[in-house]
Amino acid sequence: MNGIEPGVLISLALYFLLMIAIGIWAYFKAENDSEGYMLGGRNLSPGVAALSAGASDMSGWLLLGLPGYMYSSGVVSIWIALGLTLGAFANYLLVAPRLRVYTEVADNAITLPDYFANRFEDKSHLLRVISAIVIILFFTVYTAASLAGGGKLFDSALGMSYSTGLWVTAGVVVAYTLFGGFLAVSTTDFVQGVIMLLAMIIVPVVAFTDLGGVGATTTAIRNIDPQMLNIFSGMSFLGILSLMAWGLGYFGQPHIIVRFMAIRSVKDVPTARRIGMSWMIVSLIGALMTGFAGRAYVQKTAMTLDDPETIFLVFTNFLFHPLVSGFLLAAILAAIMSTISSQLLVVSSSLTRDVYKLFFDRQAPEARQVLVGRISVVVVALVSIFLASDPDSSVLSLVSNAWAGFGAAFGPLVIISLMWKRMNRNGALAGMIVGALTVIIWVYAGIQTPNGVALNDWLYAIIPGFILSSIAIVVVSLATAAPSAKIQAKFEEMETNL
């Protein structure tokens with residue numbers, strides 16, 4: 001098969017078989033109801049919840065994008081890693097325990113639109129519908145881009161066609177998501193998170209060893225460009241703020257915070273936080289060190305590297321036995337597939353609960369909801385494959401801003417709804433709409449600063465989106481009627497149960 005090493009194929013085949021086996025196991029273990037299929041029966045252990053959140057969060061960006069950024073820009077890339085770490089920690093500290101309790105208090109909400117609608121007793125269904133539309137549209141495109149990452153990996157690393165990689169990646173993910181639902185997605189995420197962690201330890205350690213150690217590598221980098229070792233090189237205050245602001249996105253990412261809703265008990269949240277943050281910090285350091293060592297390695301070997309984001313693949317191909325190379329390639333697939341499966345499940349859950357049940361069959365029995373969820377997984381996957389069929393399609397450029405869109409539309413809404421009893425439905429609607437529109441205008445309106453710099457290049461869109469959304473929530477909530485006594489009583493019940 002285009003000269004691919006048998007060892008690589010063996011490792012990848014074993015990985016795919018393991019993922020499908022977990023899906024079959026979850027099919028027989030999970031309860032056959034909507035809460036079981038879409039939320040794992042709220043019974044995730046802290047370890048599975050933590051690594052599942054981390055793996056579904058990072059995607060191929062951890063193994064390809066971040067090392068490539070360090071390779072190109074040097075240690076200034078630490079700012080984005082720092083922002084993500086602080087954002088994830090705040091998410092565990094502020095959102096996780098309250099959301100776990102409140103989603104159960106709020107009439108057992110099992111999707112984010114469910115929570116918004118129940119939290120504010122929105123009889124008009126506007127909150128549910130608008131948030132569902134945002135999730136379905138953004139995540140379908142997001143899934144398409146993730147699938148494209150799988151296709152490109154097969155093309156660049158294995159010499160297979162992009163189309164083949166697209167269908168193989170989608171086929172395996174759909175198989176275990178379709179059968180096992182949330183339990184399969186979370187369990188495979190846990191396994192994939194372990195694989196990613198090992199890869200982020202193994203690759204930089206072997207690379208630094210080959211280069212003669214950290215000191216020799218640092219000296220080599222200094223000889224290439226001393227500015228690569230300057231954490232403030234080329235950075236303004238707004239530039240640093242924009243990189244660190246990536247951490248704000250965590251509060252509004254449905255595929256991440258749904259793990260907080262599924263953890264088996266609020267008492268498990270601190271354990272999950274320790275596991276999740278340890279995994280994240282080690283993984284981020286490993287990714288940064290891979291890019292750092294990569295710059296010295298390319299200089300040492302005098303090779304030509306056209307795409308900095310392939311530096312992980314370079315190490316995989318040149319420094320390891322084929323069996324290990326296959327395992328490391330599986331780590332990239334693990335990062336990609338863990339995100340795809342989480343996105344597929346969030347979209348299918350929203351289609352089932354917030355579209356099908358709301359508009360077509362309000363009395364749908366549990367078994368029928370599960371069936372609709374499984375059908376939705378296949379439909380969304382097929383639409384995503386279509387969108388990703390052209391690797392150069394312009395639709396994929398939308399994904400770079402999806403993080404900001406979700407963060408601004410949902411982030412302030414989630415945090416303030418969990419912290420402030422006075423917040424009402426009108427404030428929630430205003431915040432979600434203002435946050436989403438601010439990001440869209442900031443990114444796509446073509447507005448420039450007086451110096452001719454595009455707004456999103458001057459300041460990351462999530463910052464104004466997050467700020468204006470928060471202001472809209474507070475101002476509109478205070479300007480309109482207070483929530484009912486029943487809503488306020490549920491808020492107090494949530495605080496009591498923490």
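Modeller: For residue classes, Ala, Val, Leu, Ile, Met, Phe, Trp, Tyr, Cys and Pro count as nonpolar, Asp, Glu, Lys and Arg as charged, and the others, Gly among them, as polar. This is a predicted model, in which local features need pLDDT of at least 70 and side-chain atom pairs count only at pLDDT 80 or more, while totals for chains, interfaces and linings use all residues. Residues are numbered from 1 along each chain as its sequence is written, and side-chain values use heavy atoms, with hydrogens and water left out.

A cavity here is a set of points, on a 1 Å grid over the protein atoms alone, where a 1.4 Å probe fits but cannot get out; lining residues have an atom within 4 Å of a point. Grid points are joined across faces, edges and corners, and a volume is the space filled by probe spheres set on the points. There are 3 cavities of 30 Å³ or more.

The largest cavity has a volume of about 140 Å³. Its lining counts 17 residues, and I110, T111, V258, V346 and S349 are the closest to its centre. By class, this lining of the largest cavity has 12 nonpolar, 4 polar and 1 charged residues. Helices are DSSP runs (H or I, at least four residues), numbered from the N terminus; α6 (112-119), α11 and α14 (322-360) each supply at least two residues of that lining.

The second largest cavity holds about 110 Å³ of space. Of its 14 lining residues, A53, G54, D57, A88 and Y92 are the closest to the centre. Two or more lining residues come from each of α3 (46-58), α5 (78-105), α11 and α12 (269-301), with α3 giving the largest share, 5 residues. The classes here are 10 nonpolar, 3 polar and 1 charged.

Now for the rings. Rings of Phe, Tyr and Trp (its six-membered ring) pair if their centres lie within 6.5 Å; planes under 30 degrees apart count as stacked, over 60 as edge-to-face and the rest as tilted. That gives 18 aromatic pairs. One of them is the tilted pair of Y115 and F116, at 5.8 Å centre to centre and 55° between the planes. Y115 is buried (under 20% relative accessible area, with exposed over 50%, partly exposed in between, 1.4 Å probe, protein chains only), at 0%, and F116 is buried at 0% too.

Methods. 1 Å grid on protein atoms, 1.4 Å probe; cavity = no way out; pocket = protein on both sides within 12 Å on 5 of 7 lines; lining within 4 Å.
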